[in-house]
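The points below are meant to be read with the coordinates open.

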Amino acid sequence: MGERGLSWVGLWACAAMLLAGGAQAAGKCERLVATGNPEYPPYLWRDPQHPDKLIGATVDLLKAVATDLGVGIDVIYAGPWSRAQEEVRTGRVDMLAGAFVTVPRLETMDFVHPAFLSTPSVVWVRKGHEFPYASWADLQGRTGDTLVNNSFGQAFDAYARDNLTLEGVSSLTQAFQKLMLERTDYVIYERYPGQALASTLGLQDDLQVLDPPVSSEGLHLALSHNSACNDAWLRGQLAKKMTEFTAAGMPQTLLQRNLQRWKEQQPAPAASVPNQ
């Protein structure tokens, strides 16, 4: 082989070393930024002490994962649920901390499997204004509400788009308020976060859940296609940790712990003043 041949071999060797070094560096993301639905207790809600951050069961789970992987994690408040999804879609935020799998989201995010929890989504109505309900078809001809860009699974989303009148608002508080003002007939939202917020708003005795749930979907971590941290190493490690943690029952333990944490953070009801 001539000198020219040797020089090409050398160049290829150098290039291979550089690529290997780059792959190794890419496999070690030092810090992840995540966000999610800020009205999602006990999974996620804004920290009363630090409103720019989110806390909850999902945050505790992420911190456990990050500690095992040696990666930093910040879970920030990025605005309402629709805005949080947009921040992840564009890559300004790396990860969505808890989302159902849908085709539109798959176009911009990589979902980590398995799901870390499963949550039922239900129909909320004003107590005393219940209506016969046994299937999705019973929602036809009525006006419902949910959050902008929210999903309840691919099958229900498709049915709702073609058959139901669902308006979109930015917050569950607004949806419940519209329901109480009789501007809508029902609200669709996850059972446990809905119960937590209804209690906070003092509406626990004014709202009723209709069974069965419209769906029960798994909550996943989702990495933005546009995140600099989204590589095969991280996706593989996240999947490994989710498999280990779910098998050990950690998400359910964190869920119960944060349900109590949420309750303790709520202001105590005002003491009644006895009649004089």
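1. At 17% relative accessibility, arginine 191 counts as buried, because the cut-off for that class is under 20%. The model is a predicted one. Arginine 191 is found in helix H7, which comprises residues 191–200, and, when residues up to four places away in sequence are not counted, arginine 191 touches Pro120, Val122, Trp124, Val209, Asp211 and Pro213.

2. For the protein as a whole, 9 helices and 12 strands are found, and buried residues make up 46% of the 276 residues. Of the contacts with a separation of 6 or more, 72% are accounted for by residues 24 or more positions apart.

3. Helix H5 (residues 154–163) has Phe156, Asp157, Tyr159 and Ala160 among its residues, and these four are buried. They cover an arc of only 165° around the axis, which puts them on the same side of H5. On the other side of H5, Ala155, Arg161 and Asp162 are exposed, while the cover over the buried residues includes strand S10 (165–169), strand S11 (186–190) and strand S12 (207–224).

4. The largest share of the lining, 5 residues, comes from H5, and H3, helix H4 (103–106), strand S9 (143–147), H5 and S10 each supply at least two residues. By class, the lining of the largest pocket divides into 8 nonpolar, 10 polar and 6 charged residues.

5. The second largest pocket, with about 300 Å³ of space, also has a lining to which both domain 1 and domain 2 give residues, so this pocket too lies between them. Of its 13 lining residues, Gln195, Ala196, Ser199, Trp262 and Lys263 lie nearest the centre, and H7 and helix H9 (250–265) each supply at least two residues of the lining. That lining divides into 7 nonpolar, 5 polar and 1 charged.

6. The largest cavity holds about 70 Å³ of space, and its lining residues include Trp81, Phe100, Arg105, Asn150, Ser151 and Glu190. The lining has 5 nonpolar, 4 polar and 2 charged residues; since both domains give residues to it, the largest cavity lies between them.

7. Which residues line the second largest cavity? They are Leu32, Leu62, Val65, Ala66, Leu69, Val71, Ile73, Leu234 and Leu238. The elements giving two or more residues to this lining are helix H2 (57–69) and helix H8 (232–247), with the largest share, 4 residues, coming from H2. About 50 Å³ of space lies in the second largest cavity, and by class its lining has 9 nonpolar, no polar and no charged residues.

Technical notes. Residues numbered from 1 in each chain as written. Predicted model: local features only at pLDDT ≥ 70, side-chain atom pairs only at ≥ 80, totals over all residues. Heavy atoms only, no water. 1 Å grid on protein atoms, 1.4 Å probe; cavity = no way out; pocket = protein on both sides within 12 Å on 5 of 7 lines; lining within 4 Å. Points joined across faces, edges and corners; volume = space filled by probe spheres on them. Nonpolar A, V, L, I, M, F, W, Y, C, P; charged D, E, K, R; others polar. Domains from an automatic or database assignment. Buried < 20%, exposed > 50% of the residue type's maximum accessible area, 1.4 Å probe, protein only. Contact = heavy atoms within 4.5 Å. Arc of directions from axis to C-beta.
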